[in-house]
Amino acid sequence: MSRPKRPETKLVTVPSPNKIPERDIDKTPILECQHLGIDFGGLTAVNEFNMAIGRTEIAGLIGPNGAGKTTVFNLLTKVYQPTRGTILLDGKDTHSMNTVQVNRAGIARTFQNIRLFGNLSVEDNVKIGMHNHIPCGMWQGIFRLPGYWKAEKVAHERALELLSIFDMQDLAGAKAGSLPYGAQRRLEIVRALATNPSLLLLDEPAAGMNPSETAELMDNIVKIRDTFQIAILLIEHDMSLVMGICEGICVLNFGEIIAKGTPDEIQNDPEVIRAYLGGGKEG
């Protein structure tokens, strides 16, 4: 399966020193990090992290093993509270938000290690992601009142619609834990989409996939962006995927940004080549 050709994207400066795709310049960046950092005891894990993401941008976050990539995701989703700095989501400061509130505000994520409910059906895993926006009161659920059945019908139809992105609608009744590894990865993305995010964080989405599955994933990430008109930020080891679909790339090393730019700029940056692309095993 041939891999999609990455469209050329021009990055332009927004009011801060960050850059976003030119097509998003008339809108507030969906995410902007300003001087973001976190310390664990005497160890600085992330420092002076500055990044903006346009509202329809596919962006990449890469770096050597232990560079702080997943820590950044944990900061954005408030698994960790920043030691310093500001996170603006759609222009709103998230400093007072917790993990649940950030998700409701528009950030959804997947994880390095799959976190599905293996004994539940594929459809039920997707429905779990809908709890924020398909309300059903406790008494309606207990007594199976009309409001419950209406919510169930809406959730069922929406789950099948989302599963169809990956041609998984026929697996709706299967147990999530019985799916092949690659299908479980895809299901986790679908569940994240079920929360109606404006920014989707993908932590190593191609991990464990073969080249054909990875090429299909690339197509589907672009399809998700185009269908839902959302932004996507991904951490990924597969450089052909990152360079193939990302418009802006941020490179971390020892918790600090060493380069930001287009794929072409990143591939030709001597410091990136020395620290990452030309180095040892990535993690």
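So, Arg115 and Phe111: the arginine lies over the face of the Phe111 ring, 3.9 Å from the ring centre. For the record, a charge sits over a ring here if NZ of Lys or CZ of Arg is within 6 Å of the ring centre and within 35 degrees of the ring normal.

Quick caveats. This is a predicted model, so local features need pLDDT of at least 70 and side-chain atom pairs count only at pLDDT 80 or more, while totals for chains, interfaces and linings use all residues. Residues are numbered from 1 along each chain as its sequence is written, and side-chain values use heavy atoms, with hydrogens and water left out.

Okay, the overall picture. We've got 10 helices and 12 strands; those are DSSP runs, H or I of at least four residues for helices, E of at least two for strands, numbered from the N terminus. Of the 283 residues, 52% are buried. Buried means under 20% relative accessible area, exposed is over 50%, and partly exposed is in between, with a 1.4 Å probe and protein chains only. Among contacts (heavy atoms within 4.5 Å) with a separation of 6 or more, 67% are between residues 24 or more positions apart. The protein exposes about 13,100 Å², and carbon and sulfur atoms supply 53% of that. Those areas are Shrake-Rupley with a 1.4 Å probe, and for residues only the protein chains shown count as cover.

Next, α1. Seven of its eight residues are buried, so this helix is largely enclosed by the rest of the structure. The buried set includes Lys69 and Asn74 as well as Phe73 and Leu76. Just after α1, have a look at Lys78, which takes a positive phi of about 65°.

Now, which two residues form the aromatic pair? There's one such pair in the structure, and Phe40 and Tyr80 form it, edge-to-face, 5.2 Å centre to centre with 75° between the planes. Phe40 is in strand β3 and Tyr80 in the loop between α1 and β6, so the pair ties together parts 40 residues apart in sequence. Rings of Phe, Tyr and Trp (its six-membered ring) pair if their centres lie within 6.5 Å; planes under 30 degrees apart are stacked, over 60 edge-to-face, the rest tilted. Phe40 is partly exposed at 37%, and Tyr80 is partly exposed too, at 29%.

On to salt bridges, meaning a side-chain nitrogen of Lys or Arg within 4 Å of a carboxyl oxygen of Asp or Glu. The structure holds 11 of them. Take Arg23 and Glu247, which meet at 2.7 Å, N to O. That pair links distant parts of the chain: Arg23 is in the loop between β2 and β3, Glu247 in the loop between α8 and β11, 224 residues apart. Arg23 is partly exposed at 40%, whereas Glu247 is buried at 5%.

Then there are bridges within helices. Lys153 and Glu157 meet at 2.7 Å, N to O, and they're four residues apart in helix α5, about one helical turn. Lys153 is exposed, at 53%, while Glu157 is partly exposed at 43%. In helix α6, Glu188 and Arg191 are three residues apart, again about one turn. Their closest N and O atoms are 3.9 Å apart, and both residues are buried. Finally, bridges that share partners join Arg23, Arg225, Asp226 and Glu247 into one network.
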